[in-house]
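Trainee: Could you walk me through this one, starting with whatever you would look at before anything else?
Mentor: Gladly; let us bring it up and go piece by piece.

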Amino acid sequence: MCWWSRRARSPAPRRHRRATAPAPALQSHLLSPNGVQALTKTAIQVIDRAAALLDALARAGGDASLKILSADTGLHPSTASRILTSLLAHGFVERGEGSGRYRLGVRLLQLSARVGRQLDVRREAPPIMEWLRDEVGETVNLSLRDRDEVVYVERVSSSQMVRVEQVVGSRAPLHVTAVGKLFLGEAGNAEVRSYALRTGLPRYTKHTIVSAEALGKAAAAGIAQGFAFDDEEAELGVGCIGVLVRNADGQAVAGLSVSAPRARRQDAWVPLVQEAGRRLSARLGCLDPPVVED
């Protein structure tokens, strides 16, 4: 699974960047001495107000009336009511049928659980990534799926003078990465076809898979054998081996991969990469990772 390596002699494919505006400085709670929530002056003020109401609910123990929330945030009751109605519609807030009081909604729990899984994998991964790097002598990457891309979130670099490195925070299309193929295979052939239609499977090298049928076969084979390769599909001269990382529910939540110059990559590393994936999955509570039959 490879992308944006720092290799002077190999041209990198076109970058896929999303236009983003500079993030405004964040302030925590911004409480005045009397405990009233101060609102930041941003272009999307309603988001500040919604966040203020959620914070006020949390300070109230997760249950409060409109009157209390209005007083705590400094919002007019009609303004607070409109925003709370929208939060209700999205599940971020719930309302008691009898009391009419507001409380934090289950949607927040669902989102926090997802964030928690991601934070956990990033916390648990480095020692295992270092072990794998020491075993194979090449760069090891941790990545997450974000819609039609993988995002590199952690890296342990090789000490080799010529090495492959993915920039933390960079992204790559699923079909040109080892882990990306596994994420697609995990989702099933219908998702592979849908991905192919959405993206058009752009070509980055002469080895890039540009057929939905071929991608489906590669993704299914990766799941069946428990690992996948990137054979110079994102960048010429670069090869990768990837595996999935699973949480306590057996869900694929991340990918672990080794990146190396293609001439140095060895198929004999596959069991080591799989072992690292099993160890990290176990750290996330997956006590019975899938066993691939020979």
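**A serine, a sheet and the helices on it**

Mentor: Let me start with S70, which lies in helix 2 (residues 66-73), where helices are DSSP runs of H or I with at least four residues, strands are runs of E with at least two, and both are numbered from the N terminus. This is a predicted model, in which local features need pLDDT of at least 70 and side-chain atom pairs count only at pLDDT 80 or more, while totals for chains, interfaces and linings use all residues. Residues are numbered from 1 along each chain as its sequence is written, and side-chain values use heavy atoms, with hydrogens and water left out.

Trainee: Is S70 buried or exposed?
Mentor: S70 is buried, because its relative accessible area is 9% and buried means under 20%, with exposed over 50% and partly exposed in between (1.4 Å probe, protein chains only).

Trainee: And what does S70 touch?
Mentor: Leaving aside residues up to four places away in sequence, S70 touches L75, H76 and P77, contact meaning heavy atoms within 4.5 Å. A polar atom of the S70 side chain also lies 2.4 Å from the backbone oxygen of L75.

Trainee: Switching topic, how do the axes of helix 1 and helix 3 cross?
Mentor: The axes of helix 1 (residues 45-59) and helix 3 (residues 77-89) come within 10 Å and cross at roughly 85°; axes are lines fitted to C-alpha atoms, for helices over the stretch in contact, with angles from 0 to 180 degrees between N-to-C directions. Helix 1 is therefore roughly perpendicular to helix 3, a label for 65 to 115 degrees, whereas under 35 is roughly parallel, over 145 roughly antiparallel and the rest oblique.

Trainee: Which residues meet there?
Mentor: From helix 1 there are V46, R49, A50, L53 and L54, and these meet T79, A80, I83, L84 and L87 in helix 3.

Trainee: What about the sheet, what is its strand order?
Mentor: The sheet is open, with three strands in the order 1-3-2 and antiparallel pairing, where two strands pair if DSSP finds at least two bridges between them. Strand 1 (63-64) and strand 2 (93-95) are the edge strands, each pairing on one side only. Three bridges join strand 2 to strand 3 (residues 102-104) in the antiparallel sense, and E94 stands opposite R103 in strand 3.

Trainee: Which strands does helix 1 touch?
Mentor: Helix 1 packs on the sheet and touches strand 1, strand 2 and strand 3, its direction making about 90° with that of strand 3. Helix 3 lies across strand 2 and strand 3, at about 100° to strand 2.

Note on methods
Polar contact = N/O pair within 3.5 Å; in protein donor to acceptor, adjacent residues only side chain to side chain.
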